[in-house]
Amino acid sequence: MVQENEIHSWLASGLNVVEKLNVLTINLRNLELSNTRSQNFDSFTKNNINELVNIDKSIFDPYWQNSKAAFIETLDSCNQNFLFKQFDGNLLVGYAILGVTRNFSFLQRFGISLEHQKKGHGSELLKNVLNFANEKKYTNMRLNTQENNEAAKRLYVKHGFEFTKTNFMILNTS
């Protein structure tokens, strides 16, 4: 992954753009949230990985599905990691991983299984994550999302996220 403004030398060396990611941010200090307490969250550990690998298959296209190794990399990328689960009754339909380093938080994974989208689960899950971050007094939250994922971008903006000037490009060889 390379910042969009640093891509020219990479392209000149023969790499190709696979995907563009938009970066969004929210200032949590100015966020007005409901008084509901966060729920269905716990520390994210290696014990959660098998369950998440399975649900990833119902959420993400194959390119974006995480492997066990990718989830371990996610764990290692921040000082603390929290797992939020979204249920429809007793059925796990989505999850979010919030990574924290100092008081900055990063929404590292977020998704609702395809057959349960457009039913309010994404908004409920995102509100839960934002409430948690606000309760913990985190100052900022960032995330990356695919430029062509209009539904995700609408959800994030609806809940107060703003686009930054930074975009990332995912590159590969042909």
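This is a predicted model: local features need pLDDT of at least 70, side-chain atom pairs count only at pLDDT 80 or more; totals for chains, interfaces and linings use all residues.
**Overall build**

The protein contains 5 helices and 8 strands. Read from the N terminus, these elements follow the order β-α-β-β-α-α-β-β-β-α-β-α-β. The C-alpha trace spans about 50 × 35 × 30 Å along its principal axes. The radius of gyration is 16 Å, which agrees with the value near 16 Å for a compact globule of 174 residues. Of the 174 residues, 47% are buried. Among contacts between residues at least 6 apart in sequence, 71% join residues at least 24 apart.

In soluble globular proteins, nonpolar side chains tend to be buried together. Here the largest nonpolar core comprises 25 residues, and those with the most contacts inside it are Leu98, Leu107, Met141, Tyr156 and Phe161. Strands E2, E4, E5, E6 and E7 and helices H4 and H5 each give two or more residues to this core. Helix H4 gives the most, with 6 residues. Beyond its neighbours within four places in sequence, Met141 is in contact with residues that include Leu24, Ile26, Leu98, Leu107, Val129 and Phe161. Another core, of 18 residues, lies apart from the largest one; among its members are Phe44, Leu52, Leu75 and Ile97.

**The largest pocket**

The largest pocket has a volume of about 1700 Å³. It is lined by 47 residues, of which Phe60, Phe110, Asn144, Thr145 and Tyr156 are the closest to its centre. Elements giving two or more residues to the lining are E2, H3, E6, H4, E7, H5 and E8. The largest share, 7 residues, comes from E6. The table gives the lining by class.

| Class of lining residue | Number in the largest pocket |
|---|---|
| Nonpolar | 21 residues |
| Polar | 18 residues |

Helix H2 covers residues 49-59, and its buried residues are Ile49, Leu52, Val53, Ile55, Asp56 and Ile59. These buried residues pack against H3, E4, E5 and E6. An α-helix has 3.6 residues a turn, so residues three or four places apart point the same way.

Ser123 is found in helix H4. Ser123 has a relative accessible area of 14%, and because buried means under 20%, this residue counts as buried. Leaving out residues up to four places away in sequence, Ser123 touches Leu155, Lys158 and His159.

Methods
Residues are numbered from 1 along each chain as its sequence is written. Side-chain values use heavy atoms; hydrogens and water are left out. A nonpolar core is a set of buried Ala, Val, Leu, Ile, Met, Phe, Trp, Tyr and Cys residues joined through side-chain atoms within 4.5 Å. Buried means under 20% relative accessible area, exposed over 50%, partly exposed in between (1.4 Å probe, protein chains only). Helices (H or I, at least four residues) and strands (E, at least two) are DSSP runs, numbered from the N terminus. Contact means heavy atoms within 4.5 Å. On a 1 Å grid over the protein atoms alone, a cavity is a set of points where a 1.4 Å probe fits but cannot get out, and a pocket is an open set with protein on both sides within 12 Å along at least five of seven lines; lining residues have an atom within 4 Å of a point. Grid points are joined across faces, edges and corners, and a volume is the space filled by probe spheres set on the points. Ala, Val, Leu, Ile, Met, Phe, Trp, Tyr, Cys and Pro count as nonpolar, Asp, Glu, Lys and Arg as charged, and the others, Gly among them, as polar. The radius of gyration is taken over C-alpha atoms; the globule rule is 2.2 Å times the number of residues to the power 0.38.
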